[in-house]
Amino acid sequence: MVDVYPGPLVAQMRRGTLQYCILALLSTEERYGFDLVRALATVDGMVTSEGTIYPLLGRLRRDGLVETTWRESPSGPPRRYYRLTRAGRAALDAFVTEWGRFRDGVDYFIGRKARS
């Protein structure tokens, strides 16, 4: 039996694209982890937790897609700020190209089903 509840489906789609959403957010400005969580939470379907974001940010840093600096915070301990590296921008650009092709392919089949 196929699970028709959208929760697992959305989680699976989010898992495959979340790192690129983070790279896109970092393409315009440096951000700290909780700021990324809040920015993602503003978009329906992208809500995630710090427990998901911080390990992902660590992997992006180890992969050389982001780099970090520590800064004092006006309200609490220092914050680690993340910014895109040249490799991160290249990865994001490649994703944008492939995402468009993939999205168009899915839209084609969904539209084809709707027409039949």
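This is a predicted model: local features need pLDDT of at least 70, side-chain atom pairs count only at pLDDT 80 or more; totals for chains, interfaces and linings use all residues.
Good morning. Let me begin with the largest pocket, whose lining consists of Met13, Gly16, Thr17, Cys21, Phe95, Trp99, Phe102, Arg103, Val106, Asp107 and Ile110. Two elements give two or more residues each to that lining, namely α1 and α4, the latter covering residues 86–115.

The space inside the largest pocket comes to about 230 Å³. If we sort its lining by class, we find 7 nonpolar, 2 polar and 2 charged residues.

We turn now to the second largest pocket, which has a volume of about 160 Å³. Here the elements that give two or more residues to the lining are α1 and α3. The residues concerned are Ala11, Arg14, Arg15, Gly16, Leu18, Gln19, Val47, Thr48, Thr52, Leu56 and Arg59. The largest share, 6 residues, comes from α1. By class, the lining of the second largest pocket has 4 nonpolar, 4 polar and 3 charged residues.

Tyr20 lies in helix α1. Which residues does Tyr20 contact, once its neighbours within four places in sequence are left aside? They are Ala91, Leu92 and Phe95. For a sense of distance along the chain, consider Tyr20 and Val10: they are 10 residues apart, and their C-alpha atoms are separated by 16 Å.

Next, the sheet. How many strands form it, and in what order? There are 3 strands, in the order β1-β3-β2, and they make an open sheet with antiparallel pairing. Strands β1 (31–32) and β2 (66–73) stand at the edges; each has a single partner strand, so one side of each is left without a neighbour in the sheet. As a general point, the strands of a sheet pair through backbone hydrogen bonds, in either a parallel or an antiparallel manner.

Let us take the two pairings in turn. Strand β2 pairs with β3, residues 76–84, in the antiparallel sense over 7 bridges. These two strands form a hairpin, with 2 residues between them. Ser73 has Gly76 of β3 as its bridge partner, Trp70 stands opposite Arg80 in β3, and Val66 has Leu84 of β3 as its bridge partner. The other pairing joins β1 to β3 by 2 bridges, and these strands also run antiparallel. There, Arg31 stands opposite Tyr82 in β3.

A helix is placed against this sheet as well. Helix α3, residues 50–62, lies across β2 and β3 and runs at about 125 degrees to β2. Helix α3 is also one of the elements lining the second largest pocket.

Finally, a word on confidence. The mean pLDDT of the chain is 88, and 91% of its residues reach 70 or more. Where in the chain is confidence lowest, and where is it highest? The lowest is in helix α1, residues 6–26, with a mean of 84, and the highest is in β1, at 96. Thank you for your attention.

Note on methods: Residues are numbered from 1 along each chain as its sequence is written. Side-chain values use heavy atoms; hydrogens and water are left out. Two strands pair if DSSP finds at least two bridges between them. Helices (H or I, at least four residues) and strands (E, at least two) are DSSP runs, numbered from the N terminus. Contact means heavy atoms within 4.5 Å. Axes are lines fitted to C-alpha atoms, for helices over the stretch in contact, and angles run from 0 to 180 degrees between N-to-C directions. pLDDT is the predictor's confidence in each residue, from 0 to 100. On a 1 Å grid over the protein atoms alone, a cavity is a set of points where a 1.4 Å probe fits but cannot get out, and a pocket is an open set with protein on both sides within 12 Å along at least five of seven lines; lining residues have an atom within 4 Å of a point. Grid points are joined across faces, edges and corners, and a volume is the space filled by probe spheres set on the points. Ala, Val, Leu, Ile, Met, Phe, Trp, Tyr, Cys and Pro count as nonpolar, Asp, Glu, Lys and Arg as charged, and the others, Gly among them, as polar.
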